[in-house]
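Visitor: I'd like to go through this one label by label, and hear what stands behind each of them. Can you show me what we're looking at?

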Amino acid sequence: MDLVGGRVVDPDGPLNRREGLRIVDGRLVEPGDQADLESDLMIDLQGGLLTPGLSDMHVHLREPGYEDAETVATGLRAAARGGFTRVACMPNTNPPVDQRSVVELLLARAREACGVHLHPVGAVTRGLKSDDLTEMAELKEAGVTAVSNDGFPVFSSRTMRRAMEYAKTFDMLIISHAEDEGLKGDGVMNEGYWSTVLGLRGIPAAAEEIAVMRDIALSRLTGCRLHIAHVSTAGSVDAIRRAKAEGVPVTAETAPHYFTLTHAALQSYDANFKMNPPLRTERDVEAILQGIVDGTLDVIATDHAPHSQEKKEVELDQASFGIIGLETSLGLVMTHLLRPGRVGAEDLVRLMSQRAAKIMGWNSGHLRAGELAELTLIDPQATWTVDPELFASKSRNCPFGGWELQGRAALTVVEGRLVHWEKSRAEADSGLLVRAL
Amino acid sequence: MVKRRHLLGLRELEPLEILEILDSARSFREVLDRPIKKVPALRGITICNAFFEPSTRTRVSFELAAKRLSADVLNFATTGSSVSKGETLIDTVRNIEAMKVEMVVLRHGSSGAAQFLSTHVKANVVNAGDGQHEHPTQALLDLYTMREHLSRLQGIRVAIIGDVAHSRVARSNIWGLTKMGAKVVVCAPQTLLPPDIQSLGVKTSYRLEEALDGAQVVYLLRLQRERQDGGYLPSLREYARTFGLKVEHLEQLPPETLLMHPGPMNRGVEAENAVVDGHRSVILEQVTNGVAIRMAVLFLLWAGREGTPAVREMLREGSVG
Ligand SMILES: [Zn+2]
């Protein structure tokens with residue numbers, strides 16, 4: 001397979017800024033090598049970007065337990081269409097990912113799916129309660145490299161301390177769902193002007209910031225690698241920036257909705273704007289953008305959280321938290337970060353591929369001759385209108401329906417195989433040209 | 001108002017629309033003093049009172065208003081338990097649609113429920129209180145009562161005392177009063193004031209004496225006894241001592257000052273007994289005016305939908321019979 005006419009974007013990689021790539025037997029080859037071999041597929045993208053496969057280190061696939069909202073198969077299809085070659089799925093399933101058998105089930109389901117790599121995240125504590133630690137050594141043998149109780153905070157500081165100490169023993173990453181449960185209470189949206197106007201119970205920014213600061217303090221105490229999930233407030237960004245300057249082993253992620261939407265979106269009482277942590281103020285959005293630009297926030301993840309329509313098409317205070325994101329993430333990043341010049345193409349690759357791979361210990365996020373091809377071909381010119389009805393995800397809880405975005409994945413390649421190919425649309429409205437020889 | 005399909009809150013109303021409702025209510029208020037208190041304005045129309053939260057006072061007031069307008073009334077009450085048993089608001093909506101009612105009066109414990117309903121049904125929706133969001137007809141009857149006594153709303157000073165944070169009545173009153181040019185101060189311990197309340201155009205005070213200074217209306221909010229268990233207050237006793245209205249407070253107030261309350265009242269908590277029963281209290285008038293306001297709202301929404309010049313003409317004449 002030859003990919004010609006596209007620019008390789010792989011910061012610090014040997015192929016950076018070259019034109020085009022050749023894949024033979026699933027592996028990248030040095031350009032120029034085996035030039036005599038006839039390619040079985042030639043794809044020509046003028047102005048396209050060839051990047052290492054995108055990674056999403058924070059998704060929920062709902063299997064086992066809530067297959068009506070998403071399954072491994074549908075979630076990985078959605079990932080492929082979004083340009084992702086690897087995703088990490090969070091353990092708040094039923095049963096939760098707190099023992100080897102559930103990890104094995106997920107990996108087996110992933111093998112039957114479209115080819116996108118799945119990395120299950122294990123639970124920190126059994127049953128996602130705040131009591132007993134999981135058997136992290138065995139989880140690691142089964143293929144788990146990070147643990148998290150995402151969806152629920154580990155509310156006891158003492159349990160979190162023990163978890164960090166124990167995780168450090170096996171070089172497991174702890175992913176923190178930073179939330180002070182008591183302070184969140186039964187809040188449904190950001191506490192501030194709009195919660196007052198709309199009469200909805202508020203979740204103060206401090207509910208996140210207290211937990212971020214606590215977990216940073218525990219990381220400093222234990223030396224355990226800590227990753228803060230879904231950062232949403234200016235105060236959290238500040239705390240993480242200071243911790244990094246001090247040398248605490250902390251990394252962090254945010255999600256596209258935290259830099260594209262504010263709490264004013266809740267005016268519609270549409271539950272597709274209800275997420276946890278909640279959409280915040282303009283000032284927080286500005287701080288998130290700043291954190292992305294200066295590297296305080298390492299990663300853009302989606303926190304893809306599928307919910308069936310029955311859980312969302314209800315009164316706002318009774319609706320579930322969370323939105324899907326796999327199929328809109330790249331478009332939102334390109335439209336709202338790349339196009340206005342807040343980040344460049346190389347930053348995009350770091351934010352959406354390389355740093356997640358490094359944090360999670362995955363052998364991906366780069367393009368090197370001799371390795372199995374794992375890449376995404378991005379068409380930065382393609383403009384498209386978000387229509388959740390067309391998504392591969394089983395759920396439709398997307399707040400971006402009707403938004404016009406510029407940029408999307410035209411092609412997703414895992415182990416040299418096409419797992420997604422936006423053929424008809426790409427041919428129709430972009431420079432993508434495909435010749436099957 | 002005549003162009004509006006629903007009444008969801010006072011935040012969305014223009015001052016002129018509020019005036020239109022208050023003026024119409026005055027005509028209907030006259031009807032209520034007649035020997036035959038009934039007009040044929042909504043004959044043939046079916047109004048569904050859908051109450052997902054118990055409130056006898058509001059339901060009866062809407063029911064009476066509908067009957068005075070000759071509409072047929074369907075009462076649909078559920079305590080919220082059937083909702084948790086799997087009957088969703090959307091199912092209820094579909095049932096209401098199937099019954100082919102023209103208007104729905106909705107009372108619901110969730111903020112935004114009326115807006116949710118309005119986007120899913122063809123009927124006109126009147127919000128009769130949704131969660132902690134708005135209770136527009138209560139605020140309209142309050143504005144009506146103030147205007148009748150003080151002859152204007154522009155420039156009047158209103159002190160709202162009590163649990164503003166959890167009160168839909170307070171929110172609707174704040175929107176209505178500030179739009180009409182009144183000066184509003186809210187007074188409570190910080191635990192009972194919502195964040196950024198000043199952005200709605202009101203002053204805040206933690207001291208009752210300060211809030212009452214020069215007030216022409218003292219509006220007391222009902223204090224839910226659960227607030228003590230929720231950790232908002234150390235005790236009702238301390239609340240009554242520091243924020244309860246006492247006879248000596250009244251003595252400091254201008255002679256025309258009105259005492260108002262949306263009811264039902266916790267005697268001895270929001271105010272001393274002697275205050276509640278005093279001559280400044282217009283609490284029972286509020287109840288009577290509530291029927292007139294609800295008649296006006298139902299009528300105007302329907303007239304706007306029908307666009308019948310004849311009914312509007314009748315109204316302008318002041319003779320809705
Ligand atoms: Zn999550």
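Guide: Helices here are DSSP runs of H or I with at least four residues, numbered from the N terminus. On that basis T58(B) sits in helix α2 of chain B. Keep in mind that this is a predicted model.

Visitor: Why is T58(B) called buried?

Guide: Buried means under 20% relative accessible area. T58(B) comes in at 9%, so it is buried.

Visitor: And what is T58(B) in contact with, leaving aside its neighbours within four places in sequence?

Guide: That list is F51(B), R107(B), A128(B), H135(B) and R294(B). There's also a polar contact, side chain to side chain, between T58(B) and S55(B) at 3.1 Å.

Visitor: What makes that pair, T58(B) and S55(B), a polar contact?

Guide: The cut-off is 3.5 Å between N or O atoms. At 3.1 Å, the T58(B) and S55(B) side chains make the contact.

Visitor: Is R57(B) buried or exposed, or partly exposed?

Guide: R57(B) has 44%, so it gets the partly exposed label. R57(B) lies in helix α2 too, residues 56–68 of chain B. Beyond four places in sequence, R57(B) is in contact with P262(B), G263(B), P264(B) and V287(B).

Visitor: Which residues does UniProt list for "binding site"?

Guide: The unreviewed entry gives R57(B), T58(B), R107(B), H135(B), Q138(B), G263(B) and P264(B). The lining of the largest pocket includes R57(B), T58(B), R107(B), H135(B), Q138(B), G263(B) and P264(B).

Visitor: What kind of peptide bond joins G263(B) and P264(B)?

Guide: A cis one, with omega about -10°. P264(B) lies in the loop between β9 and α12 of chain B. In chain A, E63(A) and P64(A) are joined by a cis peptide bond as well, with omega about 0°. That P64(A) is in the loop between β6 (54–59) and α1 (72–82). For background, most peptide bonds are trans.

Visitor: What makes N266(B) buried?

Guide: Its relative accessible area is 6%, so N266(B) falls under the 20% cut-off. N266(B) is in the loop between β9 (258–260) and α12 (273–276) of chain B, and its contacts beyond four places in sequence are R222(B), L223(B) and R225(B).

Visitor: Which residues touch the most other members of the largest nonpolar core?

Guide: I160(B), I161(B) and L298(B), out of 122 residues. Helix α13 (residues 283–306) of chain B gives the largest share of this core, 13 residues. L298(B) touches, among others, L42(B), I47(B), F62(B) and V126(B). Apart from that core lies another, of 74 residues, including V72(A) and L118(A).

Notes: Residues are numbered from 1 along each chain as its sequence is written. Chains are lettered from A and ligands numbered from 1 in the order in which they are written. This is a predicted model: local features need pLDDT of at least 70, side-chain atom pairs count only at pLDDT 80 or more; totals for chains, interfaces and linings use all residues. Side-chain values use heavy atoms; hydrogens and water are left out. A nonpolar core is a set of buried Ala, Val, Leu, Ile, Met, Phe, Trp, Tyr and Cys residues joined through side-chain atoms within 4.5 Å. Buried means under 20% relative accessible area, exposed over 50%, partly exposed in between (1.4 Å probe, protein chains only). Helices (H or I, at least four residues) and strands (E, at least two) are DSSP runs, numbered from the N terminus. Contact means heavy atoms within 4.5 Å. UniProt positions are given in the numbering used here, feature names are shortened, and annotations may be inferred rather than shown by experiment. On a 1 Å grid over the protein atoms alone, a cavity is a set of points where a 1.4 Å probe fits but cannot get out, and a pocket is an open set with protein on both sides within 12 Å along at least five of seven lines; lining residues have an atom within 4 Å of a point. A polar contact is a pair of N or O atoms within 3.5 Å; within protein, one must be able to donate a hydrogen and the other to accept it, and residues adjacent in sequence count only if both atoms are side-chain atoms.
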